[in-house]
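Please look over the sequence and the model shown here before reading on. The report below is meant to be read with both at hand.

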Amino acid sequence: MNDSNIFRFWKKVGNFLFRVVNKEFLIFLFFLLLSSTFWLLITLNETYEQEIVIPVHLVDVPKNVVLTSDTTMNVRVTVRDKGYTLLTYKYSKELRPVVLKFKNYAQKTGYGVVTPNELQKLTYQRLFNSSRIVSMKPDKVEFFFNYGLKKRMPVKLVGKITPDISYYVAKVMLKPDSVDVYASREVLDSMKYVTTQPLYIKNLSDTVYREVILTPIRGVKYVPNKTRVAAYPDILTEEKIEVPITAINMPEGKVLRTFPSRVTITFTVGASLFRNIKTNAFKVVADYNELVANPSEKCNIYLRYIPHDVKNARININQVDYLIEEQ
């Protein structure tokens with residue numbers, strides 16, 4: 001058998017095997033698809049429970065009415081039904097929202113409510129007849145409103161901003177720092193300010209900006225409902241300044257002279273604030289009453305006053321020589 005005959009022989013064998021294998025593979029795929037279809041039909045025909053979200057729309061709200069509660073309302077409904085029906089709920093866009101007419105539920109007190117029975121009845125109208133509601137969250141819908149009553153209130157930041165080592169928090173700004181608050185008169189009278197949700201920033205070493213939502217209160221609407229927080233750090237620097245010693249509680253006709261008459265104060269302050277620090281903002285004192293009560297060769301001196309922005313202030317000595325003179 002020459003080479004060409006051998007080649008034709010193996011080609012025929014290969015074609016035969018390919019047809020056989022290909023045919024068996026197609027048969028396998030057919031039965032796999034058929035069994036999967038039967039399994040899917042059986043599975044979808046079983047009863048299951050699934051949570052679906054149904055939007056709730058409040059309509060026909062008068063123009064002079066301000067809703068002070070969340071205008072986006074959803075009801076999470078756990079439904080029991082056949083699998084194919086639940087699949088329809090999940091992927092269909094035909095699930096209509098529950099529509100509530102404002103005048104049907106609004107009360108003169110600025111409050112409106114759809115009772116659990118009424119809400120369930122309205123929800124059933126959006127479902128297939130075969131579906132059964134297992135649970136609803138929330139089980140009722142509430143809304144609050146007024147007729148434009150508002151009050152301007154400051155915003156108070158809640159939380160903690162911690163600077164990095166060698167830094168301090170120089171300034172924190174809120175923009176806006178006050179908002180319009182819509183609520184009932186009783187609620188507005190009881191409120192003095194609006195708080196943010198907690199904000200925590202650690203190791204502050206560069207200016208940081210954050211948008212923070214205002215803390216929600218039931219029946220209260222903020223305009224706007226968030227603020228922008230800007231936290232500015234400054235680097236700390238150690239500085240020194242000379243301050244005169246001042247005598248206190250001196251009787252008339254007497255003068256207290258100290259040696260030296262000035263002392264050095266070492267302190268830590270923000271680099272940008274140092275140029276605003278004045279000598280007269282510090283006060284070092286020697287108390288005449290203490291000298292009379294406890295005579296000594298030296299008198300104690302005390303650092304009584306320091307500027308607000310200064311930290312870790314200390315004098316270089318605690319006692320000085322002194323002389324009391326008659327005027």
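Predicted model: local features only at pLDDT ≥ 70, side-chain atom pairs only at ≥ 80, totals over all residues.

Residues are numbered from 1 along each chain as its sequence is written, and side-chain values use heavy atoms, with hydrogens and water left out.

**Overall make-up**

The chain has six helices and 23 strands, where helices (H or I, at least four residues) and strands (E, at least two) are DSSP runs numbered from the N terminus. Of its 327 residues, 30% count as buried; buried means under 20% relative accessible area, exposed over 50%, and partly exposed in between, with a 1.4 Å probe and protein chains only. Among contacts (heavy atoms within 4.5 Å) with a separation of 6 or more, 73% are between residues 24 or more positions apart.

**Aromatic pairs**

A search of the whole structure finds eight aromatic pairs, a pair being rings of Phe, Tyr or Trp (its six-membered ring) with centres within 6.5 Å, and with planes under 30 degrees apart counted as stacked, over 60 as edge-to-face and the rest as tilted. The rings of F267 and F274 have centres 6.3 Å apart and planes at 35 degrees, so this pair is tilted. F267 is buried, at 0% relative accessible area, whereas F274 is partly exposed at 30%. F267 also forms a tilted pair with F282, at 5.3 Å centre to centre and 40 degrees between the planes. Because F267 lies in strand β18 (residues 262-270) and F282 in the loop between β18 and β19 (283-287), the pair ties together parts that are 15 residues apart in sequence. F282 is buried as well, with a relative accessibility of 4%. Elsewhere, ring pairs link F102, F143, F145 and Y147 into a cluster.

**Largest pocket**

The largest pocket holds about 520 Å³ of space. Its lining is made up of 24 residues, of which T68, S69, D70, T71 and G219 lie nearest the centre. The elements that give two or more residues to this lining are β3 (73-82), β7 (141-146) and β15 (221-223). On a 1 Å grid over the protein atoms alone, a pocket is an open set of points where a 1.4 Å probe fits, with protein on both sides within 12 Å along at least five of seven lines, and lining residues have an atom within 4 Å of a point. Points are joined across faces, edges and corners, and the volume is the space filled by probe spheres set on them.

**Backbone features**

Most residues other than glycine have a negative phi, and most peptide bonds are trans. The table lists departures from these patterns.

| Site | Feature | Value |
|---|---|---|
| K175 to P176 | cis peptide bond | omega about 0 degrees |
| V223 to P224 | cis peptide bond | omega near -5 degrees |
| S166 | positive phi | phi near 75 degrees |
| N203 | positive phi | phi about 55 degrees |

P176 lies in the loop between β10 (167-175) and β11 (178-182), and P224 in the loop between β15 and β16 (226-248).
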